[in-house]
Amino acid sequence: MEWGNAVADPEMTPAEHRRRQKQLREERKRANGPVEKIDRAEIGDRDGWVCGLCRDPIDRSYRYPDPRAASVDHIRSIAGGGTETRDNVQIAHWGCNHERNADDVYASVEEAEAVRAEIARIPYLAKHAETMDPEEMMRRSQERNRPEEFRKMLARRVAKWELIQNLVFEAADPDFVFEGDDIEE
Ligand SMILES: [Zn+2]
């Protein structure tokens with residue numbers, strides 16, 4: 001969950017909102033501890049270009065926004081108190097990284113409880129926090145974050161991405177005729 005998130009303000013344009021988000025994230029990074037200059041290629045070389053989430057190799061020829069492109073994943077998210085340091089990042093497919101988002105894996109019940117306690121301090125989430133069970137939180141976060149799960153999610157993203165690429169390709173072809181009649185009901 002992104003604690004540093006700017007609340008969507010109807011007075012703000014999307015660009016202003018993005019700038020505000022970025023600013024909050026930078027502030028959060030500095031508040032979390034030391035900040036190192038992170039270089040994607042350096043992290044990729046260090047990690048042997050194997051995705052830290054799905055554990056499959058990363059082909060460096062893919063470029064964002066292809067879900068197979070390389071990205072830097074924060075092992076402990078910035079929002080969750082992680083630092084911008086080499087020891088807190090790993091190379092990951094952009095799609096896997098996006099699926100994971102800021103979903104931290106709780107290594108212990110104490111860790112999950114600390115997050116639950118944080119949530120309980122937010123007035124409109126306090127009631128919800130009472131229903132959260134740290135043991136269940138830990139179990140579910142570990143289940144969600146298995147390599148097989150990421151592999152499945154990445155495959156779905158790649159299929160969608162390729163479908164879009166095909167549609168764009170077809171739309172650009174002046175001789176393309178939509179043969180809707182061929183589609184079986
Ligand atoms: Zn991956």
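Two residues are in contact here if their C-beta atoms, placed from the backbone, lie within 7 Å. By that criterion, and leaving aside residues up to four places away in sequence, Trp49 touches Gly44, Pro57, Ile58, Arg60 and Ile91. The model is predicted. Its chain has 185 residues, of which 21% count as buried, and holds seven helices and two strands.

**Overall layout**

- Read from the N terminus, the order of elements is α-α-β-β-α-α-α-α-α.
- Of the contacts between residues at least 6 apart in sequence, 64% link residues that are at least 24 apart.

**The strand pair**

- Strand 1 covers residues 70-74 and runs antiparallel to strand 2, with five bridges joining the two.
- Strand 2 covers residues 89-93.
- Within this pairing, His74 has Val89 of strand 2 as its bridge partner, and Asp73 stands opposite Gln90 of strand 2.
- Strand 1 is largely enclosed by the rest of the structure, because five of its five residues are buried.
- Ala70, Val72 and His74 point one way from strand 1, Ser71 and Asp73 point the other way, and all are buried.
- Strand 2 is mostly covered as well, with five of its five residues buried.
- On strand 2, one side carries Val89, Ile91 and His93 and the other carries Gln90 and Ala92; both faces are covered, and all of these residues are buried.

**The nonpolar core**

- The largest nonpolar core contains 14 residues, and those with the most contacts inside it are Cys51, Leu53, Cys54, Ile91, Cys96 and Phe150.
- Strand 1, strand 2 and helix 7 (147-171) are the elements that give two or more residues to this core.
- Phe150 touches Leu53, Cys54, Cys96 and Glu99, again not counting residues up to four places away in sequence.
- Ile91, one of the core residues with the most contacts, is buried in strand 2 and is also among the residues that Trp49 touches.

- Trp49 is located in the loop between helix 2 (40-46) and strand 1.
- Trp49 has 15 other C-beta atoms within 10 Å and is therefore partly exposed, since a residue counts as buried at 20 or more such atoms and as exposed at 12 or fewer.
- One of the contacts of Trp49 is Arg60, which lies 11 residues away along the chain, with a C-alpha separation of 8.1 Å.

- Helix 1 (residues 14-32) is 19 residues long and reaches 27 Å from its first C-alpha to its last, close to the 27 Å expected at 1.5 Å a residue.

**Helix 4 against helix 6**

- The axes of helix 4 (residues 109-120) and helix 6 (residues 134-144) come within 8 Å and cross at roughly 110°.
- The two helices, helix 4 and helix 6, are therefore roughly perpendicular to each other, because angles of 65 to 115 degrees fall in that class.
- Helix 4 makes the contact through Val109, Ala112, Glu113 and Arg116, and helix 6 through Pro134, Glu135, Met137 and Met138.

Notes. Residues numbered from 1 in each chain as written. Predicted model: local features only at pLDDT ≥ 70, side-chain atom pairs only at ≥ 80, totals over all residues. Helix = DSSP H or I, 4+ residues; strand = E, 2+ residues; numbered from the N terminus. Pairing = 2+ DSSP bridges. Core = buried A, V, L, I, M, F, W, Y, C linked by C-beta atoms within 7 Å. Expected span 1.5 Å × (residues − 1). Axes fitted to C-alpha atoms, helices over the stretch in contact; angles between N-to-C directions. Parallel < 35°, antiparallel > 145°, perpendicular 65-115°, else oblique.
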